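Let's get to know this structure by working through a few exercises. Try each task yourself before you read its solution.

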Amino acid sequence: MAIRKIARMGHPVLRQVARDLTFQEIKSPEIKRLIQDMIETMEDAGGIGLAAPQIHESIQLAIIGYEEDNERYPDSGDDEGQPLSVFINPKITVLDPTEQGFWEGCLSVPELRGLVYRPKKIQVDYLDINGKPKSLVAENFLATVFQHELDHLAGILYVDRIKSGPGTTPISFTEEYQKYLAPQPDDDIGELED
Ligand code: ZN
């Protein structure tokens with residue numbers, strides 16, 4: 001197992017559309033090892049999700065996992081958390097297009113936060129770590145986490161989805177964000193950092 005170097009914004013691997021994995025690849029020791037490396041890299045960086053392109057592997061594979069009520073993400077609301085899981089060749093279907101705003105961060109875009117609006121309820125169809133087809137429904141905070149991570153597999157970064165307008169501050173350095181922009185308890189905007 002090894003902690004991998006994380007690709008940062010500007011590296012071309014983050015802009016490629018990742019390729020699907022075959023069933024044989026999913027079963028291979030190389031992919032098992034890669035998944036272990038991704039878990040170790042994500043835990044070392046303190047993230048709640050990591051997509052394979054973020055460690056320079058352009059394949060349709062992401063991991064997501066965090067505990068409910070964790071201190072780093074107090075604004076996840078009544079979210080129940082997500083046990084650490086592997087998502088292979090995932091596809092998203094929007095179930096409720098009502099948009100929700102979260103201040104997002106990204107291990108590949110260090111020191112920045114951006115306000116992004118995304119659909120609040122989605123379905124994810126994917127293969128699990130054993131290549132078995134699975135499906136889940138995600139709402140609220142978890143829905144944004146999935147959309148952020150799976151965007152990485154399509155070569156999209158959250159900064160692409162920031163909508164600016166007169167009088168808005170949709171992007172900020174982390175320090176200024178915490179000082180001036182972090183959501184207050186009554187705001188209907190949350191925050192997350194992958
Ligand atoms: Zn990210």
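This is a predicted model: local features need pLDDT of at least 70, side-chain atom pairs count only at pLDDT 80 or more; totals for chains, interfaces and linings use all residues.

Residues are numbered from 1 along each chain as its sequence is written, and side-chain values use heavy atoms, with hydrogens and water left out.

**Exercise 1. The largest pocket**

Task: Describe the largest pocket and work out which elements line it.

Solution: 
- Start with the space: about 310 Å³ lies in the largest pocket.
- Next, look at the lining. It has 17 residues, and Ile 92, Leu 150, Asp 151, Ala 154 and Arg 161 are the ones nearest the pocket's centre. (A pocket here is an open set of points on a 1 Å grid over the protein atoms alone, where a 1.4 Å probe fits, with protein on both sides within 12 Å along at least five of seven lines; lining residues have an atom within 4 Å of a point.)
- Now the elements: β3 (82-106), β4 (109-127) and α3 (140-152) each give two or more residues to this lining. The biggest share, 4 residues, comes from β3. (Helices are DSSP runs of H or I with at least four residues, and strands are runs of E with at least two.)
- Finally, sort the lining by type: 8 residues are nonpolar, 2 polar and 7 charged.

**Exercise 2. Helix α3**

Task: Compare the span of α3 with its expected value, then decide whether the helix is mostly covered or mostly open.

Solution: 
- With 13 residues, α3 reaches 19 Å from its first C-alpha to its last, close to the 18 Å expected at 1.5 Å a residue. (The expected span is 1.5 Å times one less than the number of residues.)
- As for cover, 12 of the 13 residues of α3 are buried. (Buried means under 20% relative accessible area, exposed over 50%, and partly exposed in between, with a 1.4 Å probe and protein chains only.)

**Exercise 3. Glu 191 and its partners**

Task: Find which side chains make polar contacts with the side chain of Glu 191.

Solution: 
- Glu 191 sits in strand β7, and it counts as buried because its relative accessibility is 12%.
- One partner is the side chain of Arg 113, at 3.4 Å; another is that of Tyr 177, at 2.5 Å. (A polar contact is a pair of N or O atoms within 3.5 Å; within protein, one must be able to donate a hydrogen and the other to accept it, and residues adjacent in sequence count only if both atoms are side-chain atoms.)
- Now follow Arg 113: it's in strand β4, and at 6% relative accessibility it counts as buried too.

Technical notes. Grid points are joined across faces, edges and corners, and a volume is the space filled by probe spheres set on the points. Ala, Val, Leu, Ile, Met, Phe, Trp, Tyr, Cys and Pro count as nonpolar, Asp, Glu, Lys and Arg as charged, and the others, Gly among them, as polar.
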